[in-house]
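Biologist: I have not looked at this structure before. Can you take me through it, one question at a time?

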Amino acid sequence: MTQDHQGCVVMTTVDTAEAAATLSRRLVEERLAACVQRVPVESCYEWEGSLEEAKETLLMVKTTVERYPAVAAWLSQNHPYDLPEVVMVPAGEVSTGYLGWLVRMTTPPPGAALET
């Protein structure tokens, strides 16, 4: 089951705890992610000609490479930012047990519409 799959982490940031909790829960509920970790970060970036510094929450979305297109599409539709960060980092190595769990948690139940 797991040899045909590859794990990955998709990163995005949000500016409120409420947005972080909502996105995290929905990604897991919709089986786009097996787990979403929320980490407070301080970001520095240029936006529309101004240097910005912001307190944000980094979401580390644990999913599979196969589900990445659906995760990216979902984030583009549901993220509160006009231009959300959506960065996928493939996992070089994932333990067999964890990868099996990851695949099970991101596979929609039989008969469910597969979101792409």
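**Surface, sheet and helices**

Modeller: This is a predicted model. Tyr45, Trp47 and Leu83 make up a nonpolar patch on its surface. Together they have about 310 Å² of accessible area.

Biologist: Is tryptophan 47 buried, partly exposed or exposed?

Modeller: Tryptophan 47 sits in strand E2. Buried means under 20% relative accessible area, and exposed means over 50%. The relative accessible area of tryptophan 47 is 37%, so this residue is partly exposed.

Biologist: Which residue in E4 stands opposite valine 9?

Modeller: Look at the pairing of E1 with E4. These two strands pair in the antiparallel sense over four bridges. Opposite valine 9 stands valine 89.

Biologist: Which residues of helix H2 are buried?

Modeller: H2 spans residues 68–78. Cover for its buried residues includes strand E1 (7–14), helix H1 (17–29) and strand E3 (50–64). An α-helix has 3.6 residues a turn, so residues three or four places apart point the same way. The buried residues in H2 are Ala70, Val71, Ala72, Trp74 and Leu75.

Biologist: Is proline 84 buried or exposed?

Modeller: Proline 84 lies in the loop between H2 and E4. The cut-off for buried is under 20% relative accessible area. Proline 84 has 19% relative accessibility, so it counts as buried.

Biologist: Which residues is proline 84 in contact with, leaving aside its neighbours within four places in sequence?

Modeller: Begin with a residue elsewhere in the chain. Valine 28 is 56 residues apart from proline 84 along the chain, and their C-alpha atoms are separated by 19 Å. With sequence neighbours within four places left aside, the contacts of proline 84 are Thr12, Leu75 and His79.

Conventions: Residues numbered from 1 in each chain as written. Predicted model: local features only at pLDDT ≥ 70, side-chain atom pairs only at ≥ 80, totals over all residues. Heavy atoms only, no water. Buried < 20%, exposed > 50% of the residue type's maximum accessible area, 1.4 Å probe, protein only. Contact = heavy atoms within 4.5 Å. Pairing = 2+ DSSP bridges. Patch = residues over 30% accessible without salt bridge, like charges linked within 9 Å, V, L, I, M, F, W, Y side chains within 5 Å. Areas by Shrake-Rupley, 256 points an atom, 1.4 Å probe, with all protein chains shown as cover. Salt bridge = Lys/Arg side-chain N within 4 Å of Asp/Glu carboxyl O.
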